[in-house]
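Welcome! Take a moment to look over the sequence and the 3D view, and then we will go through the metal sites together.

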Amino acid sequence: MLAEVKRSIGYSWPAPVPPLSNDMTLETQDLKKAGLKATLPRLRILHILETGDRRHFSAEDVYKALLEAGEDVGLATVYRVLTQFEGAGLVTRHHFEGGHSVFELNQGTHHDHLVCVRCARIVEFVDNVIEDRQVDIAHRHGFSITDHALYLYGVCQKCQEGQSREP
Ligand SMILES: [Zn+2]
Ligand SMILES: [Zn+2]
């Protein structure tokens, strides 16, 4: 499969060829389900989002992870692919204060975010009281909610204790 993909998009491997951690079957299926062709940059980027050590990635985080894996995918391509993933509903983009935006795989479960303004650490939470209150408030104003995003900005515990590096 990969040989075909490589040929179809004219992708050339950097030398030495990095070992594949799996055969990308799952990533190929996920792309197809989202209506996207399985090109190598898309497969590589999806693989990082699905197997990375975190759930929220900036485009630069994805770019750095690709570099560390020996992959030759430029930052502009990373941005373009992430935007395509967003359009296909594969990922959600969060625009945080200060122009910082991150992407996370859309796993269909709603949650809100706490964002550290010093180190950009992100914590996910769901609070049913907050969720219900938002529905009540919307109803009171004649709205039915289609979506919402709640971001709480602050300083995480590690930064308060001086344990995190300033960005
Ligand atoms: Zn912090
Ligand atoms: Zn999240």
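The site of the zinc ion (ligand 2) is irregular, with angles of 53 to 165 degrees among its 6 donor atoms. Here, four donors count as tetrahedral if all angles lie between 85 and 135 degrees; four count as square planar and six as octahedral if opposite donors are over 155 degrees apart and all others between 65 and 115; anything else is irregular. This is a predicted model, in which local features need pLDDT of at least 70, side-chain atom pairs count only at pLDDT 80 or more, and totals for chains, interfaces and linings use all residues. Residues are numbered from 1 along each chain as its sequence is written, chains are lettered from A and ligands numbered from 1 in the order in which they are written, and side-chain values use heavy atoms, with hydrogens and water left out.

**Zinc ion (ligand 2)**
- His-56 (NE2), Glu-104 (OE), Glu-104 (OE), His-111 (NE2), His-113 (NE2) and Glu-124 (OE) coordinate this ion at 2.1 to 2.6 Å.
- Donors are N, O and S atoms within 2.8 Å of the metal (3.2 Å for Na, K and Ca); water is not among the atoms, so sites may look incomplete.
- His-56 is buried at 10% relative accessible area, and Glu-104 is buried at 3% (buried means under 20%, exposed over 50%, partly exposed in between, with a 1.4 Å probe and protein chains only).

**Zinc ion (ligand 1)**
- Cys-116 (SG), Cys-119 (SG), Cys-156 (SG) and Cys-159 (SG) coordinate this ion at 2.3 Å.
- Its site is tetrahedral, with angles of 105 to 114 degrees among its 4 donor atoms.
- Cys-119 is partly exposed at 23% relative accessibility, whereas Cys-156 is buried at 12%.
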